[in-house]
Amino acid sequence: AINWAQDILFKELGISVWRYCQLQSGCDFKQMKREWAKEKDKHENAQLCVVSLAGGNFNDKWGRVMQKLRIDMAKNFQDVPMMILPQSTKYADASIEKKHAQGMKHPDSAFCARDKASYEWTIKSQFKSTFTRIFHTPDIAFMLGTLPKPAVEQQRDVLWLERTDGEKAAYELPTFPEGVSHYVEDWFTWKVMDIPAWETWDQFVDLLAKPRTLNGLEFLARGRVVVTDRLHGHILCTLMGHPHVVLDNVYRKLGNYLDTWTGGVSNIMYTTDAQMAMRLAMFLLSRYKDESHFDKNSCFMRDAGLTPSLCCVPEGDNSSTEGDAKYLSGKCWGGKYTYKSCCGGEGGESPVEQQELASLADRMREKEADEDGPAIVSDPDAMLKEARDQQQGGTTSGSSSSKEGNSQQADGDEVAEETEEDQQQQGQQEKQQEAPPAPQPAAPQPAAAAAADIISTLASDPSHFPNAIRKITDAQELVPSLRLVLLTAMKQAFVDDDGQPIRRGIMVGAEGGGEGENKGDMAINWAQDILFKELGISVWRYCQLQSGCDFKQMKREWAKEKDKHENAQLCVVSLAGGNFNDKWGRVMQKLRIDMAKNFQDVPMMILPQSTKYADASIEKKHAQGMKHPDSAFCARDKASYEWTIKSQFKSTFTRIFHTPDIAFMLGTLPKPAVEQQRDVLWLERTDGEKAAYELPTFPEGVSHYVEDWFTWKVMDIPAWETWDQFVDLLAKPRTLNGLEFLARGRVVVTDRLHGHILCTLMGHPHVVLDNVYRKLGNYLDTWTGGVSNIMYTTDAQMAMRLAMFLLSRYKDESHFDKNSCFMRDAGLTPSLCCVPEGDNSSTEGDAKYLSGKCWGGKYTYKSCCGGEGGESPVEQQELASLADRMREKEADEDGPAIVSDPDAMLKEARDQQQGGTTSGSSSSKEGNSQQADGDEVAEETEEDQQQQGQQEKQQEAPPAPQPAAPQPAAAAAADIIST
């Protein structure tokens, strides 16, 4: 898990691994130095560093051999930076400590300690002068992020992961209570893999680190509750959100980690005693075993300190003694064991529940009020309801969207806790009522308004999508919004007749989505896997057109096995793509007909498709053959949706949804770091969907690739049997290959829809050249046509000119040329670019051009339109509102949002600490605003002009009350960032 996480870290930082060596196989550092001296020019003189990977071996006992290797590394690479990734530390012998500290001394080095005790020891130890920088960080495995629990067939009540080496504390295994099923084992002996041949770091990660980590997750998921004395047993359970008990090791490595980072999580218990570990496991089992029944006597666990005085009367921290892994009142609850059921008596919510309910609405609004578009939230239904309320006539004082740190909604039984600060604020409000009314908050910016509008429209009338979406000009804003739209629709689609969520699925693969090298189909499959995991759906069977789908046999197998799956609802799912048509999709349509006929008694889903039928008789035959009493069809563009609801398929499916392409479940993606890059990569499809065009001549001096991605990085097809294996061994790596393929071009031209979509997910500038039946144009018209670095055309010559236009904006070494400000033959003229008026779109039905398409790099509103000296009027307006927008971000009582510019947040936190913020030092997140820095100027809309008028009126009125001081959570987060 550590190695896989490190690989993710390196990729996110854009670090490529030039050499990887292990202690076991030997590390010849002198030879490496000689090789680097010969090769470094090939790597564009990139800076080299040496990195000792993370772990728990920085000590004078079992880590001695590894420390010797680090000393050798430090001595040989004094001229390049040295990094030691997060470690726990433990030294008992001062003479060995001194020897290691002196041997590792390095003039440009960083050491990372992964818990507070290790950090505090390091900065006071003999290593304090060994390293030039010492950091305090979580364990590297947290780079994996949240992980889904694997679906495992065989499960026990308790899995006891018992280490078998010198770190294990001296204890005897307790006796398990009667009726409690269990495993007791170390994970070294479970699913032992043969060691495949590998040479490079990438091979090591793909062939060993990833599959063994996944095996570790399966190992742990076999227990409804886990007991572990391994730190990474605890960490992997935490990443899955799996209930577990932490039993400490011989030198308190796990306790130190919980004290620093994870000790507050409600389903994690900590102890140093094996008997107590068993009792805590039984306590957690009563909360998290599905079939457990409520027993009033099991409400508390007094011998672990979980008493009514802790659980029922929350006061401050409610923690046990300082230095121990904490128990908080939240540790009392889980499943049916709630504050209300154990403390609250009959009827009504408990005081704590009332307080929690009171703040839900505000927290939901804070998520939605993000002007970059709604964040991806855990409850899309709540977001959907809020978006609808907003659209139905604006917000009132009882339902308005608040971003102030301490404001709460009083609605029905919901009551907010009143603090001294609230009382002061109430006094200010009473005084304010006597004065002239202060101006109302500015209306939501276009990006946020567009996203909320889309979500609301999706549920009410998906046949119409407002022009507001075209005002989302930044892919980083658009992608999360479309992912939310998609997830909201899928949550509505995957329910049975009774409205219950579906939990099991038979997945049916498409022609291109088989084992072929179509990187777009592989992106679809990986995205579908993410969707299934977010919806809690496990894939029971997966079959492909190529290998055959015996639906009758599947029905017989399900009838025998369904009781093992707790009678979960089954559904059949036809995976997403572009094969719902009467031409190249005929074979796939025949498979869908067979699926529908055999599974009339379970729900049927067809994930997002483009549609195209020319023959009415075939359309009728397919529509009749696929008819199903409980079915959902998803159309991925407006044209396909409107055709479907009027076609002969309108009565085939009981529900028809309009959603983005499934690949948006991947979310925003980082651009891969690629060695060899050209000015233009032309992704040219080679099948029947390609429009008839001749490739234009590339201008002199423009480097380029022209190819289809089928022939790039062709992989051998590994043996796979299950859906999970198919995703891990084929879909993921081929998608990543597709991203690398595209990133080789500074600008991409593509006539493949998923070439366009993957570029959009990366925020990569590209030109969309349409296919033979306007599949790509329809998609851009519906969802992505407004993004500023995406151009659209149906003409190959124009595609070349648009590529050169984008290249002038996004090629790093390009120079400003006044003559390249506009592109008149593409409609990007001064009248569009320099005088923003309303929508500024081209003719209805075409993929849109907005004034924002004019700009990029050094080509800005100011440099092309603004003349010499001073900011433009738009820039002046933008500068004036920066401070307020920054404060709105920071006032979030859940702590500051994760922002795209941490330096700006850091500066703001420092300014605040030094006595308040100024208007000149704030940072912006408004949907349609842009920072006025150097040449950058934002487009001025009618809404901006109205807002400016409001600001002018506000200057004439008495000053409005200042925002409330940041809440404790926000202050703590800002303090951490600053520290």
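**Close-up 1. Arg252 in its loop.** Arg252 sits in the loop that runs between β9 (244-247) and α8 (253-262); helices (H or I, at least four residues) and strands (E, at least two) are DSSP runs, numbered from the N terminus. This is a predicted model, in which local features need pLDDT of at least 70, side-chain atom pairs count only at pLDDT 80 or more, and totals for chains, interfaces and linings use all residues. Residues are numbered from 1 along each chain as its sequence is written, and side-chain values use heavy atoms, with hydrogens and water left out. Look at the backbone here: phi of Arg252 is near 65°, a positive value in a residue other than glycine. Most residues other than glycine have a negative phi. The side chain of Arg252 meets that of Asp259 in a salt bridge (3.1 Å, N to O), the term for a side-chain nitrogen of Lys or Arg within 4 Å of a carboxyl oxygen of Asp or Glu. Arg252 is partly exposed, with a relative accessible area of 25%, and Asp259, at 24%, also counts as partly exposed. Buried means under 20% relative accessible area, exposed over 50%, and partly exposed in between (1.4 Å probe, protein chains only).

**Close-up 2. Arg774 and Thr784, a loop and a helix.** Arg774 is found in the loop between β21 (766-769) and α24 (775-784). Its phi is near 65°, a positive value in a residue other than glycine, and Arg774 is partly exposed at 24% relative accessible area. Thr784 belongs to helix α24 and is buried, with a relative accessible area of 0%. Leaving aside residues up to four places away in sequence, Thr784 touches Leu478, Leu482, Phe664, His756, Thr760, Tyr779 and Ile790; contact means heavy atoms within 4.5 Å.

**Close-up 3. Two salt bridges between separate elements.** Arg483 forms a salt bridge with Glu534, the closest N and O atoms being 2.5 Å apart. Arg483 lies in helix α16 (residues 475-493) and Glu534 in helix α17 (residues 519-535), so the pair ties together parts that are 51 residues apart in sequence. Arg483 is buried, with a relative accessible area of 7%, whereas Glu534 is partly exposed at 43%. In the second bridge, Glu561 pairs with Arg541, with 3.4 Å between the closest N and O atoms. This pair links distant parts of the chain, Glu561 in helix α18 (residues 551-561) and Arg541 in strand β12 (residues 538-544), 20 residues apart.

**Close-up 4. Ala281 among valines.** Ala281 is part of helix α9 (residues 274-288) and is buried, with a relative accessible area of 0%. Not counting residues up to four places away in sequence, Ala281 touches Val158, Val225, Val227 and Val245. For one of these, Val227, the C-alpha atom is 7.0 Å from that of Ala281, although the two residues are 54 residues apart along the chain.

**Close-up 5. Gly103 and its contacts.** Gly103 lies in helix α4 (residues 94-103). With a relative accessible area of 15%, Gly103 is buried. Beyond residues up to four places away in sequence, Gly103 touches Ile71, Ala74 and Lys75. Gly103 and Met73 are 30 residues apart in sequence and 9.8 Å apart in space, C-alpha to C-alpha. As a last stop in this view, find Lys68 in helix α3; at 63% relative accessibility, Lys68 counts as exposed.
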